[in-house]
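Visitor: I have a structure open and would like to talk through its contacts. Can we start with the charged pairs and then move to the core?

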Amino acid sequence: MFLRLLLLICAPLCESTELFLIVSPSRPIEGNTMTLTCKTQPPPQKLDAKLQFLFYKDGRALGPALDSLPEFRIPVVRKEDSGSYWCQAKITSVKAKLSRRVQIEVHRVPIGNVSLEIQPPGGHLIEGEKLVLVCLVTEGTGDITFFWFRGARGLSLKMKTQHSLMATFEIPAVRESDSDQYYCAADNGYGPSFSELVSITVRIPVSRPVLTLRAPAAQLVVGHIVELHCEAQRGSPPILYQFYHEDGALGNSSAPFGGGVSFNLSLTAEDSGNYYCEANNGQVAQRSEVVPLNITGRHTAKDAVRSIPSPVPQESTYFNSQAPEQLHFDYENVNIVNGDEVYSLVYCVQQEQPSAAEEPLGTHPGDKDSSAIYSRLKKADLTDMDYDDVM
């Protein structure tokens with residue numbers, strides 16, 4: 001429906017001529033084009049001069065001067081263009097008359113389809129990278145205010161107003177603590193519309209790990225247990241550690257919560273050489289410096305005997321005696337006897353009685369009768385022992 005305004009043109013035009021103001025479209029939408037046309041009906045006849053037109057809004061002329069064109073065009077109408085309009089028509093040297101005032105309302109399109117995009121895409125960043133949060137709307141006119149929020153509680157990060165369907169917010173260098181969920185909102189006067197949540201994960205690449213060898217002695221021999229400990233001081237978990245001897249893999253272990261891991265190695269004669277470890281948390285793999293390990297010898301039987309604790313007798317055994325208190329026990333050191341068994345040698349010596357009412361037959365003062373007792377204690381592990389050293 002066109003808005004029509006009547007204007008009675010002065011006598012030189014025609015007393016019956018009417019002036020119409022036509023608005024196209026009749027319901028202007030913000031962002032579109034709006035055209036105002038000032039038309040006479042019926043057209044004036046036998047005029048000595050052409051009509052001149054001028055358009056007004058809220059008492060202010062829209063053009064610099066009168067124009068022979070009966071139209072005025074607003075290429076991109078905005079909400080602020082709503083107001084009271086009219087037009088005038090006149091002939092040179094003739095007094096002009098104005099049309100009635102007409103109220104025009106420019107309608108704004110509400111915000112619709114808000115989304116949050118991130119750059120780089122995927123939501124996985126390395127510490128120090130730039131994060132760009134792009135808030136987009138597919139519908140909405142006029143100035144739009146954009147908001148960015150962090151976390152489920154909606155910590156406000158930034159607010160920006162601009163005449164655009166897109167706005168950006170940047171974090172120049174992200175940290176691991178920036179890992180969270182983010183969302184944005186947009187409002188053009190009808191209330192905010194919100195995007196979905198987007199998860200951001202920031203990971204720290206592993207630092208170069210340090211390999212430490214923990215040994216039971218300064219001089220390593222076959223049979224020793226050596227602990228290889230690998231640890232990276234920085235890096236987001238989980239971290240996978242791999243241990244190497246020369247170029248051969250020994251094994252791996254994961255640290256789900258960060259820190260280091262250990263690998264125990266029972267030394268053999270072939271284990272001398274260079275060792276290193278590798279740490280990897282999915283961002284980049286880092287290798288430690290090489291640590292040398294030298295094996296100087298082998299365990300001997302003497303070493304094994306010395307390592308066995310001295311036995312403590314739990315039960316006494318008596319031989320050739322009627323009174324236990326007359327016996328005296330002497331213990332020898334532990335020895336290897338008969339190959340794979342360890343024995344304790346005990347001497348049982350019978351002492352002379354202080355007063356002899358009756359002396360046993362075949363017994364003279366000053367004599368001692370001794371017996372030897374072997375008590376088996378345990379089996380000995382003679383792996384890698386040199387029997388020649390014992391014999």
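**Salt bridges and cores**

Guide: This is a predicted model. In it, Glu 227 and Arg 214 form a salt bridge, with the closest N and O atoms 3.2 Å apart.

Visitor: Where do Glu 227 and Arg 214 lie?

Guide: Glu 227 is in strand S20 (residues 225-231) and Arg 214 is in strand S18 (residues 210-214), so the bridge ties together parts 13 residues apart in sequence.

Visitor: How many salt bridges does a search of the whole structure find?

Guide: It finds 10. One of them joins the side chains of Asp 178 and Arg 150, at 3.7 Å, N to O. Asp 178 sits in the loop between S14 and S15 and Arg 150 in strand S12, so this pair connects parts 28 residues apart in sequence.

Visitor: And what does the side chain of Asp 180 meet?

Guide: Arg 150, in a salt bridge of 3.0 Å, N to O.

Visitor: OK, the core. Which residues touch the most other members?

Guide: In the largest nonpolar core, which has 22 residues, they are Leu 131, Leu 133, Phe 146, Trp 148 and Ile 200. Strands that each supply at least two residues include S9 (112-119) and S12 (144-150).

Visitor: Which strand gives the most?

Guide: S11, with four residues. There is also a second, separate core of 20 residues, with Phe 243 and Leu 265 among them.

Methods:
Residues are numbered from 1 along each chain as its sequence is written. This is a predicted model: local features need pLDDT of at least 70, side-chain atom pairs count only at pLDDT 80 or more; totals for chains, interfaces and linings use all residues. Side-chain values use heavy atoms; hydrogens and water are left out. A nonpolar core is a set of buried Ala, Val, Leu, Ile, Met, Phe, Trp, Tyr and Cys residues joined through side-chain atoms within 4.5 Å. Buried means under 20% relative accessible area, exposed over 50%, partly exposed in between (1.4 Å probe, protein chains only). A salt bridge is a side-chain nitrogen of Lys or Arg within 4 Å of a carboxyl oxygen of Asp or Glu.
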